[in-house]
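Here are my notes on this model. Please read them with the structure open.

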Amino acid sequence: MRNKMFAAGSLASILALGAHAQQQPGQRPNASMPGQTHGISTLDQKRPTTRDQSTIRSYVNLVSTPVVVRDAKGELVTDLSQKDFRVFDNGVQQTLAAFEMGGAPLALVIVVENSSRIEALLPALRRTGSLFTQTVLGEHGEAAVIGYSNDVMKLLDFTHDDAAIEKALINLEPSGSGAYLYDALSTAVQMLRNLPPSRRRVIVTMAEALDTGSEKNLDQVVRYAQLADVAIYSVGLSTMAAEVEAPQQQASPRQATPPGTYGLPSIPGPPYTPTVDQLRSGNIDVGGLVRPVWSFAARKPPVEAAVDATGGLYQSTGPYQSTGPDTSIEMAIDQIAGELNAQYMLSYRRSRGDTPGFHQIKVEVVGQQDLKVRSRPGYYLLP
């Protein structure tokens with residue numbers, strides 16, 4: 001039985017706006033939350049593809065953002081009410097239309113690396129299925145599973161079936177030495193944006209912070225994740241931990257570049273890393289809206305910065321990093337589950353803010369300076 005502690009009703013039902021998918025006997029409810037609609041893929045053939053047009057129009061100005069609040073000790077704060085929050089859209093304070101603890105059910109894509117480089121970690125990854133079904137998804141969540149190495153493999157389509165989700169991870173096998181991480185993330189975003197509008201759309205990666213050979217770049221992945229209201233969470237796998245746990249082999253020099261390639265000297269001078277403030281400034285190219293720049297958070301690796309840019313959480317694992325005394329994969333997933341279950345969902349209808357482009361979201365807790373508030377940095381408004 002999934003954990004029901006933080007199970008929450010659908011935001012759409014509170015606003016009495018959404019058209020819901022037809023529920024069949026024996027299925028969990030398929031609640032939904034306002035979001036942008038896109039073309040229908042094969043994933044939607046199991047779901048209704050027609051909606052009342054007045055319902056779609058009613059969502060146009062509704063903006064929702066999940067918010068996580070922590071105290072000075074880093075503990076989650078879960079006892080706030082609507083009156084404790086102030087929300088700003090491009091600097092203009094908004095009136096909240098709805099407030100929830102927990103938010104709508106999850107639509108989750110688990111993106112897991114199964115390359116030969118992390119083969120020693122596969123036993124731990126295979127055990128994560130029950131963590132996702134029992135602690136992350138909640139009572140009404142659904143999940144899909146993608147594996148990647150030299151290519152991207154859809155291991156499981158969206159399902160409410162806990163046993164199927166757990167089996168997809170139990171059956172992980174090593175495959176190649178590639179790292180098509182960005183292509184895998186792009187596939188996950190596409191799967192989520194093709195769902196009917198409405199669930200909290202989340203990707204959880206269990207992967208090294210490394211990409212080699214992807215056709216997509218991380219700029220594209222983040223732009224479209226933001227367009228589709230997708231939050232990226234990441235469990236960073238440690239190649240060093242994999243080497244420690246792997247059977248002892250004859251040592252050989254570590255290759256600095258992918259097999260068959262030769263590295264060039266680095267460009268002199270310090271690397272340029274844009275800041276998340278630049279992302280929030282709206283200087284981003286989406287369909288030719290504005291100039292082509294989006295930012296990674298300053299001084300962070302690309303994957304961690306992409307997590308920040310979508311309002312997610314990065315949890316590193318392994319023996320040599322500083323996230324805390326317990327840095328196991330299981331603990332990292334537990335931390336992510338805690339955040340997803342303890343989110344406040346704030347929704348408002350934009351006032352004086354219909355300018356196309358990137359809209360900055362800023363959330364404050366009134367009168368409590370010692371609290372740390374995290375939400376997604378913003379969203380795109382298309383013409």
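This is a predicted model: local features need pLDDT of at least 70, side-chain atom pairs count only at pLDDT 80 or more; totals for chains, interfaces and linings use all residues.

1. Start with valine 87. Its place is opposite glutamine 94 in β3.

2. β2 covers residues 85–89. β2 and β3 run antiparallel to each other, and 3 bridges join them.

3. Now the whole sheet. Which order do the strands of this open sheet take? The order is β3-β2-β12-β14, which makes 4 strands with antiparallel pairing. The edges are β3, residues 92–94, and β14, residues 378–381. Each of these edge strands pairs on one side only. On average, neighbouring strands in this sheet are turned by 30 degrees against each other, with direction ignored.

4. Look at the loop between β2 and β3. Asparagine 90 sits there. Its phi is positive, about 50 degrees, although asparagine 90 is not a glycine. Buried would need under 20%, and exposed would need over 50%.

5. Check a second residue with positive phi. Aspartate 229 is not a glycine, yet its phi is about 55 degrees. Where does aspartate 229 lie? Aspartate 229 is in the loop between α7 and β9. Helix α7 spans 218–227, and strand β9 spans 230–236. The relative accessible area of aspartate 229 is 30%, so this residue is partly exposed as well.

How values were computed: Residues are numbered from 1 along each chain as its sequence is written. Side-chain values use heavy atoms; hydrogens and water are left out. Two strands pair if DSSP finds at least two bridges between them. Helices (H or I, at least four residues) and strands (E, at least two) are DSSP runs, numbered from the N terminus. Axes are lines fitted to C-alpha atoms, for helices over the stretch in contact, and angles run from 0 to 180 degrees between N-to-C directions. Buried means under 20% relative accessible area, exposed over 50%, partly exposed in between (1.4 Å probe, protein chains only).
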